[in-house]
Amino acid sequence: MIETMFGALFSLVSTPHIMGLMLIAVVCGLLVGVMPGIGGKLSIAMAIPFVYGMDMVAGAVFLLTLHAVNGTSGQISSIMFGIPGDGDDAATTLDGYPLAKQGQAARALGASITASGVGGIIGAVVFAIMIPVLEPVILMFSPAEFFLIALLGISFIAFLASGSKIVKGLIVGFYGLMLSTIGMDPITGTPRYAGDMLFLWDGVSLVTAVLAMFAVPEMLSLATKGGSISAVSMDRGFSYRQLLSGVAEVPRHWWLVIRTSVIGAVIGMIPGLGGSTAAWLCYGHAVQSSKTPERFGKGAIEGVIAPETASNGKEGGSLLPTLFFGIPGSSGMAVLLGAFLILGIQPGATMVTKHLDLVWTLIWALVVGNLIAVGILLVSCRWIAVLTFVNGRMLVPFILIFVTIGCFVSDVQWQNLVVLVLFSAIGYGFQRAGWPRSPFVIGLVLGGQAEASLHQALQLWGYSFFLRPLSLVLISMIVGLMVYAFYRNFRPGKPHAGMEVNT
Amino acid sequence: MSMHILHKVIFGAATIAAMAATPTFAQEGAEFFNGKTVNYIVATAPGGGYDTNARLVAEFMQKYLPGSTFVVQNMPGAGHLIGANYVYASEPDGLTFGTFNTGLIYGQLAGDPAIKFDLGNMSWIGKVASDPRVIVVTKDSGIESFEQLKNSKEPVKFASAGVGSASTVETTMLVKALGLPVEIVSGYNGGDDQLAMRRGEVQGIIASRSSFQEFVNEGNAKIIAQIGGSESDVPQLSSMTDDAEAQKVIALVASQSNISRLSAGPAGIPEDRLQALRDAYTKATTDPAFLEKAKSLGLPVDPKVGDDVATVVKAALNQSPEIVTFLQETLKKD
């Protein structure tokens with residue numbers, strides 16, 4: 001075991017052409033990840049034609065690294081411009097963008113880059129540890145648990161908008177839940193609120209909605225307000241000291257980092273739970289476990305660390321069912337699975353017995369790829385961070401173009417551009433009126449998941465599914481959270497301890 | 001010219017007659033594609049079996065249409081409808097065609113208003129595979145044979161994909177027609193169905209053989225009946241019932257299983273260009289390199305070209321009113 005493990009690492013780093021390919025993959029993955037709307041799924045799809053003809057190990061390492069580092073650079077635009085590239089990045093925006101506005105872009109970047117690197121590595125470790133117990137753990141989670149986990153995520157809305165904003169938060173959350181019902185009804189197969197518009201049959205495009213609710217309103221307000229994103233001027237802006245202080249935040253919050261990475265990896269491991277669930281659950285967890293939750297949404301560094309560790313940690317996790325069951329743990333992995341077949345890798349139980357060396361090579365590729373990505377980003381973010389000091393009027397047109405391209409490319413439906421404009425108006429309205437917008441994304445992301453799995457669970461067990469052992473654990477967690485939320489909001493003598501998320 | 005014919009004789013005996021009669025004709029058609037870009041539409045997201053197959057077909061068709069460039073374009077959504085509608089509505093100049101699930105035929109038969117195409121009118125280029133359907137039950141279900149399933153006292157739970165998908169339609173039709181004590185749990189997409197079978201929350205599924213062979217080989221489940229295909233290790237479902245209506249439903253599903261991974265274009269592609277496309281398709285799907293790649297990808301290959309496919313499709317569309325009513329009831333939206 002140990003021999004295979006380190007043998008794989010040695011052969012990986014000592015093969016120049018694989019390391020070269022990996023470097024290319026890291027650079028490409030980072031570049032593509034910066035573009036909003038182009039996630040890991042699309043970048044692998046674009047890369048598939050290139051792997052024809054590569055040998056098995058090289059091709060697999062290339063694609064996996066490309067996919068793994070994608071999320072690492074997605075956070076750059078989330079933090080600097082408030083533009084999330086996808087559902088998971090939206091959680092990073094909540095605290096990352098306020099930090100950039102306070103002139104602390106470098107600190108936020110330092111923390112988030114390191115956090116995602118560490119998250120990716122811990123994810124790979126969880127992967128390695130989980131191999132022997134994979135089967136029973138995965139088989140523990142059925143549609144009943146998927147429903148309750150989605151519900152748990154939805155109940156975090158209570159923490160994202162408490163105090164004077166709880167009603168507004170609930171309204172926005174329900175608005176998101178309502179929009180998640182657009183599309184094919186999972187029970188009857190009837191299109192709902194879609195009419196003859198086929199592009200709505202699969203639901204509202206998440207990328208479009210996220211860009212419209214977060215990116216466009218931020219850009220509009222930047223353009224109308226004038227000045228630069230950072231309220232602090234350039235000379236007090238970027239410094240390596242600030243960057244390093246951001247890096248140091250990760251070991252300072254080591255316990256949170258470990259918890260969120262592991263949660264991320266485990267969620268990634270369970271096929272059927274969407275990737276964005278990980279980032280939002282961990283953000284909620286960071287808020288709820290913090291002693292000073294009122295700082296969140298205004299630039300709490302934990303709010304950057306938690307979702308980033310989670311979303312990179314889940315990559316290691318989601319590789320597990322992909323390799324050993326041939327069942328992809330995320331949409332990106334579904335594409336990767338197709339590519340693996342092209343390379344001649346037949347996923348299945350035989351991976352452990354016949355191809356253990358390949359498995360270890362892939363684990364190491366995750367670790368080494370993440371390290372390279374962190375190194376590249378920490379060196380280069382100096383020049384990127386400068387952009388937050390550029391006058392917004394020069395920046396906004398370019399960013400809006402990228403947003404539009406990202407919105408179109410992610411689903412290749414021109415109708416989504418119309419949706420983008422409509423939702424942007426709503427998002428801008430929310431922003432001007434000071435209503436929280438994050439509950440909307442949670443509702444939209446988790447609503448569809450909750451509905452489909454509730455339906456399946458009821459078909460399978462009727463209402464008795466609530467009495468399954470793991471269900472009871474999850475239910476008690478939800479109840480506990482709600483009680484805690486109530487207590488915090490209505491605690492006598494201390495007015496509105498809840499935080500006010502304005503992003 | 002003789003070289004040209006000789007060249008073709010090497011490939012596909014079935015098409016010799018058609019080609020020898022129209023070599024110059026097809027030659028003119030083939031010249032049209034020189035310097036042109038062909039859009040090959042795939043009605044699914046990248047990465048799945050459809051996509052892999054499509055990219056392989058496109059790669060080799062490009063090889064046999066000198067000077068052409070094939071661009072594979074994914075148009076996922078609405079259960080292959082977006083892609084199929086797009087193909088049918090595109091210009092019939094031979095430069096746009098694609099692949100989608102033949103299961104859409106059920107929707108067309110039932111008169112689904114969202115379907116904006118007529119499969120009977122499409123310009124059929126060919127199909128790569130036959131993908132027989134099988135009834136699979138898990139080891140833990142304790143069911144060993146079709147008879148046992150049929151006589152089960154307790155309802156047996158079967159997994160299927162989303163409501164309205166070809167998999168759910170086929171499962172519902174067969175269960176109804178055969179009067180099986182099966183409860184269908186829908187909403188399992190991708191590999192979720194295999195996971196659900198491992199968890200034991202469902203006991204069986206009606207699915208394509210190629211996607212479940214590995215699962216069965218690993219000892220998780222057993223195939224108890226098959227529809228279509230030439231394998232003889234499993235009894236054919238049609239041999240296990242005397243009911244006339246059930247036989248018709250089985251025949252309809254069997255005809256579908258025979259035309260899997262198809263390529264078709266909009267109605268009215270000019271004869272010579274269509275012929276050139278069909279020729280290229282024949283050469284592509286019989287190329288040894290193609291076969292080798294398909295084998296390494298685990299894609300079943302059993303090609304048919306042009307009119308042969310069109311005949312099967314037209315025959316399948318020609319259903320008795322009873323079957324159509326039956327389908328409409330199956331697909332009925334409550």
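Author: The part I shall examine is the contact between the chains, where 36 residues of chain A meet 33 residues of chain B. The model is a predicted one. On the chain A side, the elements that contribute two or more residues are α3 (40-51), α16 (331-343) and α21 (438-461) of chain A. Of these, α16(A) gives the most, with seven residues. By class, the side of chain A that touches chain B comprises 23 nonpolar residues, twelve polar residues and one charged residue.

The nonpolar core comes next. The largest such core has 256 residues, and those with the most contacts inside it are A:Leu63, A:Leu109, A:Leu211 and A:Ala339. Helix α18 (residues 356-385) of chain A supplies the largest share of this core, 15 residues. Chain B is also represented: domain 1 (2-130 + 259-320) and domain 2 (133-255) of chain B both give residues to the core, so the core lies between them. In soluble globular proteins, nonpolar side chains tend to be buried together.

Each partner may now be described as a whole. Chain A has 22 helices and two strands. Its C-alpha atoms fill a box of roughly 60 × 60 × 50 Å along the principal axes. For the 503 residues of chain A, a compact globule would have a radius of gyration near 23 Å, and the chain has 22 Å, which agrees. Buried residues make up 59% of chain A. Among contacts in chain A with a separation of 6 or more, 82% are between residues 24 or more positions apart.

Chain B has 15 helices and eleven strands, and its C-alpha atoms fill a box of roughly 70 × 40 × 35 Å along the principal axes. With 334 residues, a compact globule would have a radius of gyration near 20 Å; the value for chain B is 21 Å, which agrees. Buried residues account for 53% of chain B. Of the contacts in chain B with a separation of 6 or more, 80% join residues 24 or more positions apart.

The two domains of chain B have C-alpha centres 29 Å apart. Eleven residues from domain 1 of chain B and ten residues from domain 2 of chain B take part in the contact between them. Helix α14 (residues 307-317) of chain B gives the most to the domain 1 side, with three residues. That side of domain 1 of chain B divides into five nonpolar, six polar and no charged residues.

Six of the six residues of β5(B) are buried, so the strand is largely enclosed by the rest of the structure. B:Arg133, B:Ile135 and B:Val137 point one way, whereas B:Val134, B:Val136 and B:Thr138 point the other way. In a regular strand the side chains alternate between the two faces of the sheet. β5(B) pairs in the antiparallel sense with strand β8 (residues 204-208) of chain B over five bridges, and B:Ile135 stands opposite B:Ile206 in β8(B). The pairing of β5(B) with strand β9 (residues 221-227) of chain B is also antiparallel, over six bridges, and here B:Ile135 stands opposite B:Ala225 in β9(B).

Conventions:
Residues numbered from 1 in each chain as written. Chains lettered and ligands numbered in written order. Helix = DSSP H or I, 4+ residues; strand = E, 2+ residues; numbered from the N terminus. Rg over C-alpha atoms; globule rule 2.2 N^0.38 Å. Buried ≥ 20, exposed ≤ 12 C-beta atoms within 10 Å, placed from the backbone. Contact = placed C-beta atoms within 7 Å. Nonpolar A, V, L, I, M, F, W, Y, C, P; charged D, E, K, R; others polar. Core = buried A, V, L, I, M, F, W, Y, C linked by C-beta atoms within 7 Å. Domains from an automatic or database assignment. Pairing = 2+ DSSP bridges.
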